[in-house]
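Hi there,

Here is the structure I promised to pass on. Have a look at it first, and then read on for my notes.

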Amino acid sequence: MTPKQVLGMVSDHQIQFVDLRFMDFPGMWQHLTIPAWRLTEETFEQGQGFDGSSIRGWRAINESDMLVVPDPTTAFIDPFRPHPTLCLICDVRDPITRVEYHRDARNVAKRAVRYLQQTGIADVCNFGPEAEFFVFDEIRYESGPNHAFYAIDSVEGHWNTGQKSREGAPNLGYKPRPKEGYFPVPPTDTLVDLRSEIVLALERMGVKIDVHHHEVGSGGQCEIDFRYQPLVRAADVLALFKYVVKNTCRKHGKTATFMPKPLFGDNGNGMHCHFSLWKGETPLFAGDAYAGLSEMALHAIGGILKHARALCAWTNPTTNSYKRLVPGFEAPVNLAYSHRNRSAAIRIPMYDPSPKAKRIEYRCPDGSCNPYFAFSAILMAALDGIENKIDPGPALEKDIYDLPPEELAEIPSTPASLEEALAELERDHDFLLKGDVFTEDLLQAWVEYKRKHEIQPLRLRPHPYEFYLYHDI
């Protein structure tokens, strides 16, 4: 859409408000709303001013004035607002120089695409993320100086087989056992209609959906996969996807979370990322090498595996991420590649023999990431592998979970904690600085923010399980 077409949309749909949205540093959508009459063609050039000092990880108060500049191609009508509201995703710029703000994640993604095109390697980088989530009926949590707890409930939770339902109706069972939520039909799958409603809302906004289903976890784990998109658009759509999932669930008195590991003893929420490069209409990852891949694709795998430990600082950026990335459980912590084998960090899907379907699936990431940062970092690692012809080594065809300890010890693994991932990023980040895609200032700000606001506060607080272990010591 052009700015003029967006204004026509405002008129045709009798829009009353325009919501200007952007993503903060950690990866949550923020917004400010203006009356529809204030949106003009000039707004798409001049932007709208706001105070950036209150946005996490951004500017100090002495240089807080910033601009959000709407992208007309992102326009959609919000289905959850009672007053007709049109939404626009924005880039953030400096109000004096008018240049892209270097810590704005969407600008990083745009620089990554520009760098890709400058290399001449490819024109387009496509991503298809599979963001898993849980739908709960209730979640409570609190942390004080003398207490801490969380409590989650779901009508599907296997822990409720012996409980009366909240409404006083009889308990009819049909609750997925741990790790057995993949793919029972109703009545065990109570969320099929909710997922269908989410799908219909997304498709009305122009998002093409491939499939939706119940996921492995008991207690309401779900997955809805949307069609792959070019990098920036894929991150835009993922933000929209999370917004629609959360608000549809809220409308039905439920709550959705993309938190990587909300439940102990069951599967966590991953976000497997399908990734490919194209030049014009030509898919560059199809060839006659291993699993139908091209030499370029193998070098891309080599780059991702080489930098995977540093990538985790972007793709698995929360302390909770490493409750999911645990050896011996469902997450792909071992840095290897294979076709069909889901125990490898990188898998080559074999469903479709078409060259256009040829891609690699990076299985480590989770939905707690800022997608603009995560997708850009994956692309930069792949490009480093292609530019330097990094050999990924032999593929691993065995089930990694059943390997003897001596063989498993030879396979590198993901970091065991966010602290370790940030240290890896400090050690290995030159590949991210090419083309000024990421900057030293941004990298330093990311590491400092994570250590100060996430790692240190968690380190200072006693954990409830520590009382089980140590109260009587």
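Before the helices, one convention: a crossing is called left-handed if the near helix is turned anticlockwise from the far one by less than a right angle, and right-handed if clockwise. Please also keep in mind that this is a predicted model.

Helix α3 covers residues 105-119 and helix α8 covers residues 371-387; their axes come within 8 Å and cross at roughly 20 degrees. Angles under 35 degrees count as roughly parallel, so α3 is roughly parallel to α8. On the α3 side, the contact is made by Ala 105, Arg 106, Val 108, Ala 109, Ala 112, Tyr 115, Leu 116 and Thr 119. Their partners in α8 are Tyr 372, Phe 373, Ser 376, Leu 379, Met 380, Leu 383 and Glu 387. By residue type, this contact of α3 with α8 has 11 nonpolar, 2 polar and 2 charged residues.

Helix α5 packs against α8 as well, at an angle of about 150 degrees and with the axes 9 Å apart. An angle over 145 degrees counts as roughly antiparallel, so that is how α5 runs relative to α8. Here the crossing is right-handed. Leu 231, Val 232, Ala 234, Ala 235, Asp 236 and Leu 238 of α5 meet Pro 371, Tyr 372, Phe 375, Ser 376 and Leu 379 of α8. The contact of α5 with α8 comprises 9 nonpolar residues, 1 polar and 1 charged.

The remaining pair is α3 and α5, whose axes come within 9 Å and cross at roughly 155 degrees. That makes α3 roughly antiparallel to α5. In this contact, Arg 106, Ala 109, Lys 110 and Val 113 from α3 meet Leu 231, Val 232 and Asp 236 from α5. The residues involved in the contact of α3 with α5 are 4 nonpolar, no polar and 3 charged.

**The cores**

In soluble globular proteins, nonpolar side chains tend to be buried together. In this model, the largest nonpolar core has 129 residues. Which residues have the most contacts inside it? They are Phe 241, Phe 275, Leu 277, Ile 304, Trp 314, Phe 375 and Phe 438. Helix α5, residues 231-251, gives the most to this core, with 13 residues.

Not counting residues up to four places away in sequence, Phe 438 touches Val 108, Trp 314, Phe 373, Ser 376, Ala 377, Leu 432, Leu 433 and Leu 443.

There is also a second, separate core of 6 residues, including Ala 344, Ile 400, Leu 403 and Ile 411. Leu 403 lies in the loop between α8 and α9 (405-408). Is Leu 403 buried or exposed? Buried means under 20% relative accessible area, so Leu 403, at 11%, counts as buried. Beyond its neighbours within four places in sequence, Leu 403 is in contact with Leu 396, Lys 398, Leu 408 and Ile 411.

**A buried strand residue**

Ile 348 is found in strand β17, residues 346-348. Its relative accessibility is 0%, so Ile 348 counts as buried. Setting aside neighbours within four places, its contacts include Tyr 290, Ala 291, Leu 293, Ile 301, Tyr 337 and Ser 338. Ser 338 is 10 residues away in sequence, and the C-alpha atoms of Ile 348 and Ser 338 are 6.3 Å apart.

**Backbone points to look at**

Most residues other than glycine have a negative phi, and most peptide bonds are trans. Here are some exceptions:

- The peptide bond from Tyr 182 to Phe 183 is cis, with omega near -10 degrees. Phe 183 lies in the loop between β9 (148-153) and α4 (192-204).
- Pro 186 and Pro 187 are joined by a cis peptide bond with omega about 15 degrees. Pro 187 is found in the loop between β9 and α4.
- Lys 179 has a positive phi, near 65 degrees, and is in the loop between β9 and α4. At 39% relative accessibility, Lys 179 counts as partly exposed.
- Gln 14 has a positive phi of about 50 degrees and lies in the loop between α1 (3-12) and β1 (17-23). Gln 14 counts as exposed, at 64% relative accessibility.

Key
Residues are numbered from 1 along each chain as its sequence is written. This is a predicted model: local features need pLDDT of at least 70, side-chain atom pairs count only at pLDDT 80 or more; totals for chains, interfaces and linings use all residues. Side-chain values use heavy atoms; hydrogens and water are left out. A nonpolar core is a set of buried Ala, Val, Leu, Ile, Met, Phe, Trp, Tyr and Cys residues joined through side-chain atoms within 4.5 Å. Buried means under 20% relative accessible area, exposed over 50%, partly exposed in between (1.4 Å probe, protein chains only). Helices (H or I, at least four residues) and strands (E, at least two) are DSSP runs, numbered from the N terminus. Contact means heavy atoms within 4.5 Å. Axes are lines fitted to C-alpha atoms, for helices over the stretch in contact, and angles run from 0 to 180 degrees between N-to-C directions. Angles under 35 degrees count as roughly parallel, over 145 as roughly antiparallel, 65 to 115 as roughly perpendicular and the rest as oblique. Ala, Val, Leu, Ile, Met, Phe, Trp, Tyr, Cys and Pro count as nonpolar, Asp, Glu, Lys and Arg as charged, and the others, Gly among them, as polar.
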